[in-house]
Amino acid sequence: MSIQGIFEYIDATRSSTALRESFYVFPIVEGAHVVSIALSVGLVIWFDLRLAGWILRDQAVSAVFRPIRPFMLAGFTLSFITGGLLFWSLALRCYGSPFFWAKMIMLVLAGVNIAVYHLTIDRRQTEWDEAPFPPLQARTAGVISLILWVGIITAGRLMAYFL
Amino acid sequence: MWDSLYPYFLWIENTHLGHGIRESKWTFTLSEVAHLLGLTVLLGATLLLALRLFGFVLQGKSVASIAREVMPFSLAGLTLTLLTGTLLFTSEATKCWGNIAFRYKMLFLFLALIFQFTGLQKVARADEQHFSPLIRKATALVAVFLWFGVAIAGRAIAFF
């Protein structure tokens with residue numbers, strides 16, 4: 001089955017139609033998606049800014065990251081669930097939206113950025129945890145993350161506008 | 001009272017600015033994007049401060065010094081959101097006038113702005129011992145409730 005075929009299949013399911021046409025559930029899911037951005041991106045930016053060496057320089061990187069992580073992860077979980085539901089209800093229109101694909105590509109890149117960070121420079125974090133300005137590779141990871149999240153929110157908003 | 005405001009809303013919508021934004025698709029759309037980005041920073045800053053007031057994060061640093069670093073981001077986010085929000089409003093003022101979610105949003109916004117620059121600022125900038133933990137937590141909850149109220153009511157405008 002082609003990608004388009006899969007999207008068409010999803011779009012034609014009963015659950016997709018029901019969600020798309022529901023009077024209350026769809027707006028609630030959209031509202032929750034916006035709130036989840038504040039919890040996820042709204043919190044990850046502080047870690048990114050610390051990694052970049054822009055704020056909270058007197059605090060260890062781990063001291064910023066560790067306590068924020070559970071709240072951030074809750075936010076991202078809510079984002080993915082509500083985003084997944086929105087996609088499910090509008091699969092065919094997503095397929096035809098260049099902003100949808102831009103958003104997906106940037107989400108994958110954000111995932112790659114996180115994976116590279118944790119598998120490389122983060123392994124030696126104890127060496128630079130207290131440094132006001134982390135090593136270049138860590139600072140770069142922070143800046144890339146900030147740029148990607150701005151891009152993801154932008155593409156997401158444009159997608160909804162042109163759908 | 002709200003009814004008597006209608007002529008003003010109509011006037012705003014018919015200004016050059018209102019016409020201009022309405023007719024330029026990209027100005028409107030980019031304002032919406034910037035509105036959401038500004039909001040994300042503002043809500044994120046409010047959340048971080050609230051989590052610190054609860055003692056969940058960054059306990060090694062005083063609330064006041066975190067507020068000093070985070071407040072500029074709140075202000076930048078707030079400024080961007082208010083500016084773009086005004087542009088969006090100008091382009092469809094009469095639609096907003098008739099929208100119940102918009103009225104709730106303005107009520108929340110009014111209260112949130114007052115609280116941001118009175119209660120929240122006072123508690124966040126004070127010495128740790130100056131306010132009881134209960135007051136600090138209540139302040140955090142009120143700030144989060146009011147700003148998220150603005151965001152949720154704002155999202156709801158599109159559904160009425």
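The following legends describe close-up views of a predicted two-chain model.

Residues are numbered from 1 along each chain as its sequence is written, and chains are lettered from A and ligands numbered from 1 in the order in which they are written. Because the model is predicted, local features need pLDDT of at least 70 and side-chain atom pairs count only at pLDDT 80 or more, while totals for chains, interfaces and linings use all residues.

**Figure 1. Overall make-up of chain A.** Chain A contains eight helices and zero strands, where helices (H or I, at least four residues) and strands (E, at least two) are DSSP runs numbered from the N terminus. Along the sequence the pattern is α-α-α-α-α-α-α-α. Its C-alpha atoms occupy a box of roughly 55 × 30 × 25 Å along the principal axes. Of the 163 residues of chain A, 33% are buried; a residue is buried if 20 or more other C-beta atoms lie within 10 Å of its own, exposed if 12 or fewer, and partly exposed in between, with C-beta atoms placed from the backbone. Among contacts in chain A between residues at least 6 apart in sequence, 82% link residues at least 24 apart. Two residues are in contact if their C-beta atoms, placed from the backbone, lie within 7 Å.

**Figure 2. Overall make-up of chain B.** Seven helices and zero strands form the secondary structure of chain B, and from the N terminus the elements run α-α-α-α-α-α-α. The box filled by the C-alpha atoms of chain B, taken along the principal axes, is roughly 55 × 35 × 25 Å. Of the 160 residues of chain B, 38% count as buried. Among contacts in chain B between residues at least 6 apart in sequence, 82% join residues at least 24 apart.

**Figure 3. The side of chain A that touches chain B.** In this interface, 28 residues of chain A are in contact with 23 residues of chain B. Helices α3 (25-51), α4 (61-89) and α8 (136-162) of chain A each supply at least two residues of the side that touches chain B. The largest share, 13 residues, comes from α3(A). By residue class, this side of chain A divides into 21 nonpolar, four polar and three charged residues. Here Ala, Val, Leu, Ile, Met, Phe, Trp, Tyr, Cys and Pro count as nonpolar, Asp, Glu, Lys and Arg as charged, and the others, Gly among them, as polar.

**Figure 4. Crossing of α2 and α4 in chain A.** The axes of α2(A) (residues 14-21) and α4(A) come within 8 Å and cross at roughly 100°. Axes are lines fitted to C-alpha atoms, for helices over the stretch in contact, and angles run from 0 to 180 degrees between N-to-C directions. The two helices, α2(A) and α4(A), are therefore roughly perpendicular to each other, the class that covers 65 to 115 degrees, whereas angles under 35 degrees count as roughly parallel, over 145 as roughly antiparallel and the rest as oblique. From α2(A), residues A:S15, A:S16, A:L19 and A:R20 meet A:L85, A:W88 and A:S89 of α4(A). The residues of this contact comprise three nonpolar, three polar and one charged.

**Figure 5. Crossing of α2 and α4 in chain B.** In chain B, the axes of α2 (residues 16-23) and α4 come within 7 Å and cross at roughly 90°. Accordingly, α2(B) and α4(B) are roughly perpendicular to each other. Residues B:L17, B:G18, B:I21 and B:R22 of α2(B) meet B:L87, B:T90 and B:S91 of α4(B). This contact divides into three nonpolar, three polar and one charged residue.

**Figure 6. The bent helix α6 of chain B.** Helix α6(B) (residues 100-125) has 26 residues and reaches 36 Å from its first C-alpha to its last, close to the 38 Å expected at 1.5 Å a residue; the expected span is 1.5 Å times one less than the number of residues. A bend of about 45° occurs in α6(B) at B:F115, the bend being the angle between axes fitted to the seven residues ending there and the seven starting there. Buried residues of α6(B) include B:F102, B:K105, B:F108, B:A112 and B:Q116. The buried residues of α6(B) pack against α3, α4, α5 (93-97) and α7 (133-156) of chain B.

**Figure 7. Surroundings of A:G142.** Residue A:G142 is located in helix α8 of chain A. A:G142 counts as buried because 23 C-beta neighbours lie inside 10 Å. Although A:G142 and A:L49 are 93 residues apart in sequence, their C-alpha atoms are 6.5 Å apart in space. Neighbours within four places in sequence aside, A:G142 is in contact with A:D48, A:L49, A:L51 and A:A52.

**Figure 8. The loop residue B:S62.** Residue B:S62 lies in the loop between α3 (25-53) and α4 (63-91) of chain B. With 14 other C-beta atoms within 10 Å, B:S62 is partly exposed. B:S62 and B:L36 are 26 residues apart along the chain, and their C-alpha atoms are separated by 30 Å.
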